[in-house]
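Biologist: I am new to this structure and would like a close look at a single part, followed by its surroundings. Please keep to plain terms and give the cut-offs as you go.

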Amino acid sequence: MARVVVDVMLKPEIVDPQGQAIQRALGRLGFDRVQSVRQGKRFEIEVDADLDDPGLVQVKEMAERLLANAVIEDFEVRSLP
Amino acid sequence: MTARIGVVTFPGSLDDGDAARAIRYAGGEPVALWHRDPDDGRVDAVVLPGGFSYGDYLRCGAIARFSPVMETVIDRARGGLPVLGICNGFQVLCESHLLPGALTRNDHQHFVCRDQRLRIENAASAWTSAYELGEEIVIPIKNGEGRYVAESETLARLEGDGLVVARYSGDNPNGSANDIAGIANEAGNVVGLMPHPEHAVDPLTGPSADGLGFFASVLKRLAVL
């Protein structure tokens, strides 16, 4: 069993109103040194494969086809020990 | 023979009832399509209604795009089937890559719900031919993620090829690039629109009957074919 993490973030050029709202809320809590907040998504996927299995390539395809929208989002795939 | 226009119901669709009513008002025959049933070719056009398909999980429209009905609608749309996606339906069309770009959270962070003035910028598509070029209409808008974005080359192509079908007139309600409210594909059979023409087909229940033209347009197109 392999555990894989896919992190999805809005591309830098896409405005993130949720991140902005969180940044403002942090300011109201007194965290006045916050420069910027951007919110993303983290997927934890368990795959019936070994860590060095080429089957893990499928996770990248999952991210490309469903987990992320390449028009507005970037993603990163990494394995968990 | 009356044109048969399918209206898809996904789990979480809200405006399928009004879309069917608008089709009836325009003189067509609405046909209910269920998200789990592949479309078997018994309809002449399809409307993807507004709402929150699959609870807007993951991204608006991302899960609906892989529903059995959409697999066949996408195939037939590439072959020329007229398809109108309204609000969440527009999001489904972008996720399906039938239309370029994406719809993201409104720049002011609020859900917007009001009557909106639009200018028709393309009166040649399957869904806008009943309007005059430059005509201004007022129909409701209601969305939280209606801000149209696309890469600058894509925006330039949409503008250069006249694929922007409707633009916000007056205030931009959500921060959409170039005030874009709706776009068409190159062939003009697929149109996505963020505001809601199906809620404006009768002055008794909407701000106007200005929305009827979208449905009259496709009936006109189907009568010609």
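Biologist: Which residue has its backbone oxygen 2.7 Å from a polar atom of the side chain of B:Ser208?

Modeller: That residue is B:Val138, whose backbone oxygen lies 2.7 Å from a polar atom of the B:Ser208 side chain. The model is predicted, so local features need pLDDT of at least 70 and side-chain atom pairs count only at pLDDT 80 or more, while totals for chains, interfaces and linings use all residues. Residues are numbered from 1 along each chain as its sequence is written, chains are lettered from A and ligands numbered from 1 in the order in which they are written, and side-chain values use heavy atoms, with hydrogens and water left out.

B:Ser208 sits in the loop between strand 11 (190–193) and helix 5 (212–224) of chain B. Helices (H or I, at least four residues) and strands (E, at least two) are DSSP runs, numbered from the N terminus. With a relative accessibility of 10%, B:Ser208 counts as buried; buried means under 20% relative accessible area, exposed over 50%, and partly exposed in between, with a 1.4 Å probe and protein chains only. Apart from its neighbours within four places in sequence, B:Ser208 is in contact (heavy atoms within 4.5 Å) with B:Val138, B:Ala200, B:Val201, B:Asp202 and B:Pro203.

Strand 11 of chain B, on one side of that loop, is joined to strand 10 of chain B by three bridges, and these strands run antiparallel. Two strands pair if DSSP finds at least two bridges between them. In this pairing B:Ala184 stands opposite B:Val191 of strand 11. The hairpin of strands 10 and 11 of chain B has five residues between the strands, and B:Gly188 there takes a positive phi near 80°. Strand 10 of chain B also has three bridges to strand 9 (residues 164–168) of chain B, again antiparallel, with B:Ala166 opposite B:Gly182. Five of the five residues of strand 10 (residues 180–184) are buried, so this strand is largely enclosed by the rest of the structure.

Another loop of chain B, between strand 6 and strand 7 (136–143), holds B:Gly134. B:Gly134 is partly exposed, at 38% relative accessibility. Leaving aside neighbours within four places in sequence, B:Gly134 is in contact with B:Arg119 and B:Ile120. The C-alpha atoms of B:Gly134 and B:Ala216 are separated by 18 Å, and the two residues are 82 places apart along the chain.

Helix 3 (residues 88–95) of chain B has eight of its eight residues buried, so it too is largely enclosed by the rest of the structure. Among these buried residues are B:Phe90, B:Val92 and B:Leu93. B:His97 follows this helix, in the loop between helix 3 and strand 5 (102–104) of chain B. B:His97 is exposed, with a relative accessible area of 58%. Most residues other than glycine have a negative phi. The phi of B:His97, however, is positive, near 65°, and that of B:Gln109 is positive as well, near 75°. B:Gln109 lies in the loop between strand 5 and strand 6 (112–120) of chain B, and is partly exposed at 27% relative accessible area.

Chain A comes next. An open sheet of three strands there has the order 2-1-3, with antiparallel pairing. Its edge strands are strand 2 (40–47) and strand 3 (73–80) of chain A, each of which pairs on one side only. Eight bridges join strand 1 (residues 2–10) of chain A to strand 2 of chain A, and A:Met9 stands opposite A:Gly40.

Where the chains meet, 18 residues of chain A are in contact with 15 residues of chain B. Chain A and chain B bury about 1,300 Å² between them, 58% of it on carbon and sulfur atoms; buried area is the accessible area (1.4 Å probe) that two parts lose on being put together, summed over both. In chain A, A:Pro17, A:Leu66 and A:Val71 lose the most area to chain B, together 36% of what that side buries. The rule finds one salt bridge across this interface, a salt bridge being a side-chain nitrogen of Lys or Arg within 4 Å of a carboxyl oxygen of Asp or Glu. The side chains of A:Glu73 and B:Arg59 meet in a salt bridge at 3.6 Å, N to O.

Methods. A polar contact is a pair of N or O atoms within 3.5 Å; within protein, one must be able to donate a hydrogen and the other to accept it, and residues adjacent in sequence count only if both atoms are side-chain atoms.
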